[in-house]
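Hello,

Here is the structure for you to look over. My notes follow below it.

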Amino acid sequence: MRVIWEKEIAAGEIIVSPRPVWKCRSCPVYGKSPSCPPYAPSWRETKELVKHYKRALLIKFEINFENFEEEKRKVLDYILKREEELFKSGKFYATALFPGNCNLCEECEFERSGECKMPSKVRPSIDAVGIELSKIVKLNFSESVLYGLILID
């Protein structure tokens with residue numbers, strides 16, 4: 001995993017709608033991860049939340065798809081680290097969003113029992129909360145990349 005870039009964007013550029021949430025329903029992880037629907041905040045809640053932010057940090061990661069789960073875990077750890085750095089710098093409401101479902105644990109206890117081993121680290125998926133990523137970045141599906149988003153202030 002490597003960070004390709006980090007870019008601050010205006011929170012007003014973030015489009016929130018039910019479309020990504022509906023797309024989540026076709027995912028095999030739907031309903032099995034605490035970062036995904038129906039456990040993630042609704043798109044309506046997110047639309048209201050985003051109105052209270054001025055800026056966000058969009059992060060593009062290059063990953064090796066042959067080691068997808070391990071690479072994605074590194075991405076999630078990096079996003080959480082950046083969220084913590086922003087918090088410590090006085091951005092007390094910095095809120096991270098994951099690229100897809102949470103995979104912080106190699107074996108997900110939530111899938112088996114409904115109990116998460118790391119509830120303080122789980123963040124909602126960008127899609128799960130209704131953010132249309134394709135409206136804030138040009139997606140190229142030939143790239144081996146993931147995107148993270150942190151609402152800053």
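**Aromatic pairs**

There are 5 aromatic pairs in the structure. Please keep in mind that this is a predicted model.

One of the pairs joins Phe-61 and Tyr-78. Their ring centres are 5.5 Å apart and their planes meet at 80 degrees, so the pair counts as edge-to-face. What does the pair tie together? Phe-61 belongs to strand β2 (residues 55–62) and Tyr-78 to helix α3, so the contact links parts that are 17 residues apart in sequence. Phe-61 is buried, at 0% relative accessible area. Tyr-78 is buried too, because its relative accessibility of 17% falls under the 20% cut-off.

Phe-87 and Phe-92 make another edge-to-face pair. Here the distance is 5.5 Å centre to centre, with 75 degrees between the planes. Phe-87 is partly exposed, at 43% relative accessibility. Phe-92 has a relative accessible area of 54%, so this residue counts as exposed, the cut-off being over 50%.

**Charges over rings**

Two cases to look at on screen. Arg-25 places its charged end over the ring of Trp-22, 4.1 Å from the ring centre. Lys-7 lies over the face of Trp-5, and the distance to the ring centre is 4.7 Å.

**Cysteines**

How many disulfides does the count come to? The count is 0 disulfides. For Cys-24, the nearest cysteine sulfur belongs to Cys-36 and is 6.3 Å away. A disulfide needs the two sulfur atoms within 2.5 Å, and Cys-24 is in none. Cys-24 is also buried, with 13% relative accessibility. Cys-108 is likewise in no disulfide. Its nearest cysteine sulfur is that of Cys-105, 6.5 Å away.

**Largest pocket**

The largest pocket holds about 900 Å³ of space. Its lining is made up of 31 residues. Which of them are closest to the centre? They are Gly-100, Asp-127, Leu-133, Leu-139 and Phe-141.

By type, the lining divides into 19 nonpolar, 6 polar and 6 charged residues.

Best wishes

Definitions and conventions. Residues are numbered from 1 along each chain as its sequence is written. This is a predicted model: local features need pLDDT of at least 70, side-chain atom pairs count only at pLDDT 80 or more; totals for chains, interfaces and linings use all residues. Side-chain values use heavy atoms; hydrogens and water are left out. On a 1 Å grid over the protein atoms alone, a cavity is a set of points where a 1.4 Å probe fits but cannot get out, and a pocket is an open set with protein on both sides within 12 Å along at least five of seven lines; lining residues have an atom within 4 Å of a point. Grid points are joined across faces, edges and corners, and a volume is the space filled by probe spheres set on the points. Ala, Val, Leu, Ile, Met, Phe, Trp, Tyr, Cys and Pro count as nonpolar, Asp, Glu, Lys and Arg as charged, and the others, Gly among them, as polar. Buried means under 20% relative accessible area, exposed over 50%, partly exposed in between (1.4 Å probe, protein chains only). Rings of Phe, Tyr and Trp (its six-membered ring) pair if their centres lie within 6.5 Å; planes under 30 degrees apart count as stacked, over 60 as edge-to-face and the rest as tilted. Helices (H or I, at least four residues) and strands (E, at least two) are DSSP runs, numbered from the N terminus. A charge sits over a ring if NZ of Lys or CZ of Arg is within 6 Å of the ring centre and within 35 degrees of the ring normal.
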